[in-house]
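Subject: A structure for you to look at

Hi,

Here is the structure I promised to pass on. Please open it and have a look around before you read my notes.

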Amino acid sequence: LSLIYLDHNASAPVIPAARDAMRRALEAAGTPSSHHAAGRAARAIVEEARERVAAAIGARPAEIVFTSGGTEAVALAVLGGARAAAAAGRPRRVVVSPTEHACVLAAAETLRAEGFAVASAAVDAAGRTSADALTAALGAEGAALVAVASASNEIGTRNDILTLARLARARGALFACDAVQSLGKEPIDAGALGADFLALSAHKIGGPKGAGALYVREGSPLAPLLRGGPQEAERRAGTENVPGIAGFGAAALALPERLAAVPRLRALRDRLRAAILAAIPAGAAVESGDPAGGLANTLHLCFPGLDGDALRIALDLAGVAVSGGSACASGAHGPSHVLLAIGHSPALARTAVRISLGPENTAAEVEAAAGAIAAAVCRLRRA
Ligand SMILES: Cc1ncc(COP(=O)(O)O)c(C=O)c1O
């Protein structure tokens with residue numbers, strides 16, 4: 001049984017160029033801080049990767065801080081930004097969207113424990129935060145920091161970051177954007193977007209897991225989370241993950257090819273949706289998100305009345321890797337907070353299946369997956 005991997009929003013396969021770059025970087029004995037030839041070799045690897053990641057998002061190399069992944073990049077932006085702004089006299093208040101990734105919501109909860117107020121911006125039925133919703137959440141007091149993701153990992157809905165960042169900054173708030181799901185799926189121009197912070201993760205674009213970066217706009221205040229050595233211009237102490245960074249750089253260099261595949265992924269996704277819906281009874285599936293304007297690779301379906309766990313097990317046994325889209329905390333599956341935020345009942349949310357395509361997927365895989373999904377849905381509806 002060959003696996004049909006349709007879970008690219010969770011993690012994408014490592015591309016050969018990233019694997020090669022990592023293998024080469026493992027040979028570097030020195031740390032990038034060492035003042036000898038081996039140190040300079042390691043430094044060169046890190047700085048080349050920094051240039052590549054910066055170029056991929058229209059940033060300057062000095063605006064890139066390497067981290068251990070998207071979660072750390074988000075934590076650095078939300079905690080480090082809010083703490084620095086509050087220390088400079090901004091209100092101890094942050095605004096987040098309820099459809100953010102768990103790492104954003106958890107960082108906001110950490111701030112709450114430090115005495116910050118946390119306000120939630122309303123979302124529409126697609127999970128989108130409007131300018132009016134952000135204005136309402138900012139209220140008269142304003143905020144130290146606003147955090148809204150560019151795109152939802154679960155339902156693929158995209159936010160208008162250009163507008164929201166401009167609005168937040170006009171009110172004196174820092175704007176942090178979790179851009180983890182946008183990298184490689186839509187062009188990002190950090191300079192033009194106007195956010196203070198953009199969180200990125202290597203493993204969503206064919207780089208390694210455990211590597212990421214935070215774009216920090218020049219001049220935006222940031223209190224480091226990790227202190228010690230002077231690495232990353234004193235914004236993130238600790239010896240750099242040189243192989244991980246090298247792999248991230250190689251994946252960033254290949255980003256144009258990834259972006260070029262997006263129209264093909266949209267066509268494959270639309271074919272997948274059509275094939276599934278044609279093979280199951282009318283009304284058997286409910287689609288979430290923003291099919292027209294959301295991420296082109298993402299299809300999110302709920303199947304009312306079905307046992308979601310049984311469906312996902314059936315698909316796993318059939319060799320189709322998809323996500324349940326439910327938050328998994330310490331082994332316990334609860335209904336997704338994103339689906340609850342857009343108004344789904346817990347029962348409906350538990351039937352969710354998120355399918356996310358990547359450049360490696362073929363038309364044949366999509367046909368086979370559609371058949372397997374429709375067959376499993378029909379079988380479980382009779383059970
Ligand atoms: C939207 C979003 N933010 C943050 C993360 C966390 O990234 P990482 O897995 O690199 O910590 C993910 C990945 O799961 C994500 O999808």
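The predictor's confidence, pLDDT, has a mean of 96 over the protein, and 97% of the residues reach 70 or more. One stretch stands out: at residues 327-331 the pLDDT is below 50, and the model gives this stretch five contacts beyond near neighbours in sequence. Where pLDDT is low, the predicted coordinates should not be read in detail.

Now for the overall build. The protein has 15 helices and 14 strands. Along the principal axes, its C-alpha atoms fill a box of roughly 65 × 55 × 35 Å. How does the radius of gyration of the protein compare with that of a compact globule? For 383 residues such a globule would have a value near 21 Å, and the protein has 21 Å, so the two agree.

Of the 383 residues, 57% count as buried. If you take the contacts with a separation of 6 or more, 74% of them join residues 24 or more positions apart. The accessible surface comes to about 15,100 Å², and carbon and sulfur atoms hold 58% of that. As for charge, there are 37 positive and 34 negative side chains, with the centres of the two sets 1 Å apart.

What does Gln231 touch, apart from its neighbours within four places in sequence? Its contacts there are Ser33, Arg236, Ala237, Gly238, Thr239 and Glu240. Ser33 is 198 residues away from Gln231 in sequence, yet their C-alpha atoms are 7.6 Å apart in space.

Most residues other than glycine have a negative phi. Glu232, however, has a positive phi, near 50°, and Glu234 has a positive one too, near 60°. Are these two glutamates buried or exposed? Glu232 has 6% relative accessibility, which is under 20%, so this residue counts as buried. Glu234, also in helix α8, has a relative accessible area of 57%, which is over 50%, so Glu234 is exposed.

Enjoy exploring, and send me any questions you have!

Best wishes

Key
Residues numbered from 1 in each chain as written. Predicted model: local features only at pLDDT ≥ 70, side-chain atom pairs only at ≥ 80, totals over all residues. Heavy atoms only, no water. Buried < 20%, exposed > 50% of the residue type's maximum accessible area, 1.4 Å probe, protein only. Helix = DSSP H or I, 4+ residues; strand = E, 2+ residues; numbered from the N terminus. Rg over C-alpha atoms; globule rule 2.2 N^0.38 Å. Contact = heavy atoms within 4.5 Å. Areas by Shrake-Rupley, 256 points an atom, 1.4 Å probe, with all protein chains shown as cover. Lys, Arg positive; Asp, Glu negative; His and termini not counted. Charge placed at Lys NZ, Arg CZ, Asp CG, Glu CD. pLDDT = per-residue confidence, 0-100.
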